[in-house]
Amino acid sequence: MDRRKFCRTALAASVAASYPLLSACSRKEPPVAVTANTSLRGISLDGAEIELERAAIKELGESMTGPVMLSGHPDYDGARSIWNGMHDKRPAMIARCMSNGDVANAVSFARERNLLVAVRGGGHSWPGKSICDDGLMIDLSQLTNVTIDTDKNCAHVGGGALLGHLDQASLPHGLVTTAGVVSHTGVGGFTLGGGFGRLNRKYGLAIDNLLSAEIVSADGQVRTASADENPDLFWALRGGGGNFGVVTKFEFQLHPFDRNVLSGSIVWPIEQAKDVLEFYAEWSAGLSDELYAGPTIATTPDGVRVIMIDVVYNGDPAAGEKELEPMRKIGTPMADGVMLQDYTVMQTNLDAAFGHGVRSYAKNGMVKEWSQGLVDSIIDADDPRIFVANHVAGAAVKRVGESDTAFPHRNAEIMLVVVSGWADAAQDDEYIAASRAVYSAIEPHVGGYYDNIDFDGSGSVGNYGPAYERLSAIKGQYDPGNLFRLNSNIDPA
Ligand SMILES: Cc1cc2nc3c(=O)[nH]c(=O)nc-3n(C[C@H](O)[C@H](O)[C@H](O)COP(=O)(O)OP(=O)(O)OC[C@H]3O[C@@H](n4cnc5c(N)ncnc54)[C@H](O)[C@@H]3O)c2cc1C
């Protein structure tokens, strides 16, 4: 077998299997068990029990293009299944929306009754914010349409589209924008929280590419938010999460892109992790905007603990090979799979490992700069049940001013993530405790966190930092009653 082919095979095996517990319990099809329970008990925003009149529910159903589903409807269980298997909740009603009108009717129904609302985009919220017991779930899962405007190099993306829909629609036109590392993640929550991806060093976060958004606010009105229209709202949407209403359409800037891109992973045994991280800490300070290189520590299914660096070089491959040379001289890699390959290979290589239905816990922190202390803490706290990943930022992410958008973590070089995944509910406490222990060890080296990748996140100053006060004022303007509270929540001023 030639070296390239061997490396590719070995790498594919090690990377695809790097998260054995996640792959082991991945659930391709959501369960479709049906119960006959058609109770119309609802819950208010304050947690009080309320009655939902059947006639009003019927009227809402008749006003909508999509169905309103109660328990017992054949699609009810599928619709309430979200990515993290920790959250098994039963909404009183699920409004499957097909249009702005559907969303507006569902929002007004909830507001008029003070009914708890959850908004489901791609359903990947770690803490399960897109589902609730006894409230109304506004289900955007059918709003996945993506159209590409090749004159203006922009994409119009439905509020329930997944990142894979966006990549699949733009790449055939030789265009791309920043999207995250797992293609079944929703564009909605991903973008509204910030949106880290392997191209963000060159193009910025997803919010830095957002040109406009169409949003149904708490009053049921459809608004456009852009630099020219409702600019305060546009500022708030870029980092402020789902606090301001239901976004039914996003418009993104696209960039010319050769999808045949130098990319892949280099893998070393864990014994070399300290050398790799010490090298990385110094080397990564001077990298070009084109190079994304993020270290991850994980365990293969045969129990081999490894460190790997994921690479995407968004530019001339020859220049990329040259920039990567020092990294390739570190220690003795088990596999080197960095090669010219289609961008979608990297953009989907974690999809199966992070399959639907896993029970999963995550915490993260922003790293302003690497230090020996951080390297030592990662190595000393290493636990084979936990993987530690680094979403690389810096470069274009850093060049946007701290207060230009509602996302304040512009100074960070890295968003360091601690994640665990398991199948058995009886192991919840064990895995959560193990994840927290690893996070505690590295916590002294981080400042602030990204609410999108945090199981315990609750909004507040830790996530929003100096943006909080302005966000609170804008929340007071567009959602004074805090109808949209199942998110990284901001108190209306
Ligand atoms: C496997 C996996 C990989 C990930 N990879 C990355 C990554 O590479 N980079 C990164 O930055 N993040 C990543 N994340 C985090 C991800 O960005 C968040 O989990 C995000 O909230 C997911 O959005 P969603 O629409 O799928 O989630 P949902 O659970 O549907 O929603 C999350 C929150 O956003 C709100 N929301 C969703 N859509 C809308 C909308 N259209 N209008 C208004 N509110 C809305 C919901 O109400 C909820 O509060 C990842 C998450 C997972 C589980």
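Author: Let us begin with helix α6 (residues 163–170), where 6 of the 8 residues are buried, so the helix is largely enclosed by the rest of the structure. Buried means under 20% relative accessible area, exposed over 50%, and partly exposed in between, with a 1.4 Å probe and protein chains only. Helices (H or I, at least four residues) and strands (E, at least two) are DSSP runs, numbered from the N terminus. This is a predicted model, in which local features need pLDDT of at least 70 and side-chain atom pairs count only at pLDDT 80 or more, while totals for chains, interfaces and linings use all residues. Residues are numbered from 1 along each chain as its sequence is written, and side-chain values use heavy atoms, with hydrogens and water left out.

Reader: Which residues of α6 are buried, and what covers them?

Author: The buried residues are Leu163, Gly164, Leu166, Asp167, Ala169 and Ser170. Their cover includes the strands β7 (146–149), β8 (154–158), β9 (175–176) and β12 (246–253), together with the helices α7 (187–193) and α12 (343–348). Contact here means heavy atoms within 4.5 Å.

Reader: How is burial along a helix to be read, for example in α15?

Author: An α-helix has 3.6 residues a turn, so residues three or four places apart point the same way. In α15, the buried residues are Asp428, Tyr431, Ile432, Ala434, Ser435, Val438, Tyr439 and Ile442. Seen down the axis of α15, these buried residues fall within an arc of 160 degrees, so they line one face of the helix. The arc is that of the directions from the helix axis to the C-beta atoms. Helix α15 (residues 428–442) has 15 residues and reaches 22 Å from its first C-alpha to its last, close to the 21 Å expected at 1.5 Å a residue. That expected span is 1.5 Å times one less than the number of residues.

Reader: How do α10 and α13 cross, and which residues meet?

Author: Two packed helices are described by the angle between their axes and the distance between the axes. The axes of α10 (residues 273–283) and α13 (residues 372–380) come within 10 Å and cross at roughly 155 degrees. Axes are lines fitted to C-alpha atoms, for helices over the stretch in contact, and angles run from 0 to 180 degrees between N-to-C directions. The two helices are therefore roughly antiparallel to each other; angles under 35 degrees count as roughly parallel, over 145 as roughly antiparallel, 65 to 115 as roughly perpendicular and the rest as oblique. Ala273, Lys274, Leu277, Glu278 and Ala281 in α10 meet Gln372, Val375, Asp376, Ile378 and Ile379 in α13.

Reader: At what angle do α3 and α5 pack?

Author: Helix α3 (residues 54–63) and helix α5 (residues 100–113) pack at about 160 degrees, with their axes 9 Å apart. They are therefore roughly antiparallel to each other. Ala56, Ile57, Leu60 and Ser63 in α3 meet Asp102, Asn105, Ala106, Phe109 and Arg113 in α5.

Reader: What is to be noted about the phi of Asn153 and of Asn482?

Author: Most residues other than glycine have a negative phi, and most peptide bonds are trans. Asn153, although not a glycine, has a positive phi of about 50 degrees. Asn153 is found in the loop between β7 and β8 and is partly exposed, with a relative accessible area of 22%. Asn482 has a positive phi of about 55 degrees, and is likewise not a glycine. Asn482 lies in the segment after α17 (468–478) and counts as buried, at 8% relative accessibility.
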